[in-house]
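Here are a few friendly notes to read alongside the coordinates. I have kept them to points you can check in your own viewer.

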Amino acid sequence: MMEEMTPLQKLAQTIAIWGAKKDIEKALESTEAHVSRNIPPYDASTTTPREAYALDKIIIKGEWDYLEDIYNNLQLGDEADFSAYPTFVRNRIERLRKIKDESENMKLSCIFSYINHLIKFKDQHSIDFSSAKGHKIPNILRHKFSTMFAVSESKRLPPKKISRLICFVLVISFT
């Protein structure tokens, strides 16, 4: 199939699969400095979790564009289907529906989407990955998560990496 494509079509196919080079490079830059810790990047000089864990240090600028699925689904109203999302996210949908400020609604929807992708990434790298079967994690996030949690050859996350991933979910939940 790839042999029959023009160079432009091949480039478009490659970008669709792997993401743009600049997106992957940004994800790598933000990830490499924090691989050795079990917690997201933080500012120890602050006094509150919201100040200590700046969202823009956890979810970088280029990633927000890939996290609009929940927000877009909310726009469907009663027809929206959230059954594929983890309970943590489904339990917060009504809260999102009540938010009148569009920018706040978008921000929280994107945060919940990020958490969803983290949970699905963990599930995809577990013994029983049925809950994540068919879930597509945006390539920029898949690459970032694979680097952050150093997926081994066995494709399963060891307990230490699962703990690290859970720390990220908890921190993001509290910000």
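**Notes on rings, core and cysteines**

1. A search across the whole structure, which is a predicted model, turns up seven aromatic pairs. One of them joins Phe82 and Tyr85: the ring centres are 5.7 Å apart and the planes meet at 50 degrees, so this pair counts as tilted. Both Phe82 and Tyr85 are buried.

2. Phe88 and Phe112 make another aromatic pair, this time edge-to-face, with 6.1 Å from centre to centre and 80 degrees between the planes. Phe88 belongs to helix H6 (residues 87–90) and Phe112 to helix H8, so the pair ties together parts that lie 24 residues apart in sequence.

3. Arg92 lies over the face of the Phe88 ring, at 3.8 Å from the ring centre.

4. Please take a look at helix H8 (residues 102–124) as a whole. Its 23 residues reach 32 Å from first C-alpha to last, close to the 33 Å expected at 1.5 Å a residue. Of these 23 residues, 17 are buried, so H8 is largely enclosed by the rest of the structure.

5. Which residues touch the most other members of the largest nonpolar core? In this set of 36 residues they are Ile58, Ile70, Leu96, Tyr114, Leu118, Phe145 and Phe149. At least two core residues each come from helices H4 (55–58), H5 (69–74), H7 (93–98), H8, H9 (139–148) and H10 (159–174). As general background, nonpolar side chains in soluble globular proteins tend to be buried together.

6. Setting aside neighbours within four places in sequence, Phe145 is in contact with Tyr114, His117, Leu118, Phe121, Ile137 and Ala150. Phe145 also belongs to an aromatic cluster, together with Tyr114, Phe121, Phe149 and Phe168.

7. Finally, the cysteines. With sulfur atoms required to lie within 2.5 Å of each other, the disulfide count is zero. Is Cys110 buried or exposed? At 2% relative accessibility, Cys110 counts as buried, while Cys167, at 25%, counts as partly exposed.

Technical notes:
Residues numbered from 1 in each chain as written. Predicted model: local features only at pLDDT ≥ 70, side-chain atom pairs only at ≥ 80, totals over all residues. Heavy atoms only, no water. Helix = DSSP H or I, 4+ residues; strand = E, 2+ residues; numbered from the N terminus. Expected span 1.5 Å × (residues − 1). Buried < 20%, exposed > 50% of the residue type's maximum accessible area, 1.4 Å probe, protein only. Core = buried A, V, L, I, M, F, W, Y, C linked by side-chain atoms within 4.5 Å. Contact = heavy atoms within 4.5 Å. Phe/Tyr/Trp six-rings, centres within 6.5 Å; stacked < 30°, edge-to-face > 60°. Lys NZ or Arg CZ within 6 Å of the ring centre and 35° of its normal.
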